[in-house]
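Subject: Handover of a structure

Dear colleague,

Please find below the structure that I am passing on to you.

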Amino acid sequence: MRISRRAVAAAAVLATVLPLSACGGGADSGSSAASGKVEGKITFQTWNLQANFKDYFNGVIADFEKKYPGTDVKWVDRPAEGYADKISADAAGGTLPDVVNVSPDLLAPLAKAGLALDLDKSASQYRDEYLPGAWQSDQVPGLEGTYAFPWYLNTGPMFYNKRLFKEAGLDPEKPPTTYDDVFAAGLKLAERSKGKIATLANVPTIEDFGRYGAELTNKDGTGFAFNDAKGVQLLTKYKELYDAKALDPQALTATPESSGHKFLTESVAMNPGSALDLANFKKQAPNLYKNIGITDQVTNTGKVNMYVMGVMVNAQTKQKPAAVAFAHFVTDATRQMAFAKQVAIFPSTAGSLDDPYFTKEDGTDETRVRIAAAKSLKNAVNYTPVQFSDQMKTELGNEVAKALQGKQSPKEALDNAVKACDRLLQQS
């Protein structure tokens, strides 16, 4: 049950692992203090943001340069496609910008290579300005420290089709809230529709294993552990759904976008999403919109999944005070609140989610979704381990598909996935 990052224009593409072996490996990134006069020229790199937010970022830069006379911020924006490769090339070539927009999976290899500044050493005075879970999301197992300022967050509700629920004899006002609820509803929907209506359109991802309660990694982060009893139980339940046609026939090759289309055309009964989807439903599928149900993200742990973006400072920058000051400026409460009102994302700063914008109802579904998501984010978890690369996601997906097709048992599939992911981790 995967939430697409399409809800955030800047983070529409999940990045691949960075081959940073050419960079060397320094663990003491950030040993130099970031104190000193804030001045000089720095470069700030974002990820596919210029097209939609040019005025916003130009304003942020102008305000920073006004606050700190003698500073000069050059903004560069890179397209989503190839962003990971560009960062890898810059890191290997010594041309990494001073301040860089990164996701946790991009951050991890940079931190291991000694290229990400340790903020716990250089900027610890800012730690309490951010939600604890967000600050922790930029920590890397095996390293001490925090390697990026948390920036914007995202999460979303579970949408469900009340009409399909009612036709299957399910209470449309009592949607599933746990995985066991989802599995029970799925089997009933498939039975009543004779296999024509699936409950979900995608297979379990690493986030699902986390929300189900599986251990994702060992304690020191040197290996994966989602092949534990909980993980095997989850995949076994998905196999039951697959055999009963309660999973969409194309689930094995589904993307978040294709899954969303299945829900839009009322081929599946449930799908995760965001507030942005409501306007799309209203415009493209008015019949679905009339019957749309909105509930919390499904979880067995009581904590939902969140996606995190961060702003990293290059440990090798020659303008450390200015780079740290700007990275903090971009991600402080004032700037994050302003950005959150331009696009459906959520601030990572402490107290911001208590703002009336995230707490006061106005009768619209969009606001209802925003308020529910903001509330859930206060104790949300980024279940995707920072060291879990796209290659690892592919390995897990391939093994899950084999289990669902009956080519191997759920236990064998997850054992093989863990072995493959551990091997990739050792190579990174």
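Two strands are said to pair if DSSP finds at least two bridges between them. Strands (E, at least two residues) and helices (H or I, at least four residues) are themselves DSSP runs, numbered from the N terminus. In that sense, strand 5 and strand 6 pair antiparallel over 3 bridges.

Please note that this is a predicted model, in which local features need pLDDT of at least 70 and side-chain atom pairs count only at pLDDT 80 or more, while totals for chains, interfaces and linings use all residues. Residues are numbered from 1 along each chain as its sequence is written, and side-chain values use heavy atoms, with hydrogens and water left out.

Strand 5 (residues 158-161) is joined to strand 7 by 4 bridges, and the two run antiparallel. Within this pairing, Y160 stands opposite G293, and F159 stands opposite I294. F159 also has a bridge partner in strand 6, namely N271. Both faces of strand 5 are covered, with M158 and Y160 buried on one side and F159 and N161 buried on the other. Buried here means under 20% relative accessible area, with exposed over 50% and partly exposed in between (1.4 Å probe, protein chains only).

Strand 8 (residues 307-313) is joined to strand 4 by 4 bridges in an antiparallel arrangement. Here P150 has G310 as its bridge partner, and N154 has Y307. Strand 8 also pairs antiparallel with strand 3 (residues 99-102), over 4 bridges, and V100 stands opposite M312.

How far is strand 8 covered? Of its 7 residues, 7 are buried. Y307, M309, V311 and V313 lie on one side, and V308, G310 and M312 on the other.

The nonpolar cores

A nonpolar core is a set of buried Ala, Val, Leu, Ile, Met, Phe, Trp, Tyr and Cys residues joined through side-chain atoms within 4.5 Å. The largest one has 75 residues, of which F57, V102, F149, W151, M312, F326 and F339 touch the most other members. Helix 13 (residues 320-331) gives the most to this core, with 8 residues. Apart from it lies another core, of 47 residues, including L189, F226, L241 and A251.

Leaving aside neighbours within four places in sequence, V102 is in contact (heavy atoms within 4.5 Å) with I87, L107, L110, A148, M309, G310 and M312.

Helix 13 and helix 14

Helix 13 packs with helix 14 (residues 333-340) at an angle of about 45°, and their axes are 5 Å apart. The two helices are therefore oblique to each other, a term that applies to angles other than those under 35 degrees (roughly parallel), over 145 (roughly antiparallel) or from 65 to 115 (roughly perpendicular). F329, V330 and T331 in helix 13 meet A333, R335 and Q336 in helix 14.

The residues of this contact comprise 3 nonpolar, 2 polar and 1 charged. Ala, Val, Leu, Ile, Met, Phe, Trp, Tyr, Cys and Pro count as nonpolar, Asp, Glu, Lys and Arg as charged, and the others, Gly among them, as polar.

In helix 14, the buried residues are R335, Q336, M337, F339 and A340. The buried residues of helix 14 pack against helix 1 (50-67), strand 4 and helix 13.

Yours sincerely

Conventions. Axes are lines fitted to C-alpha atoms, for helices over the stretch in contact, and angles run from 0 to 180 degrees between N-to-C directions.
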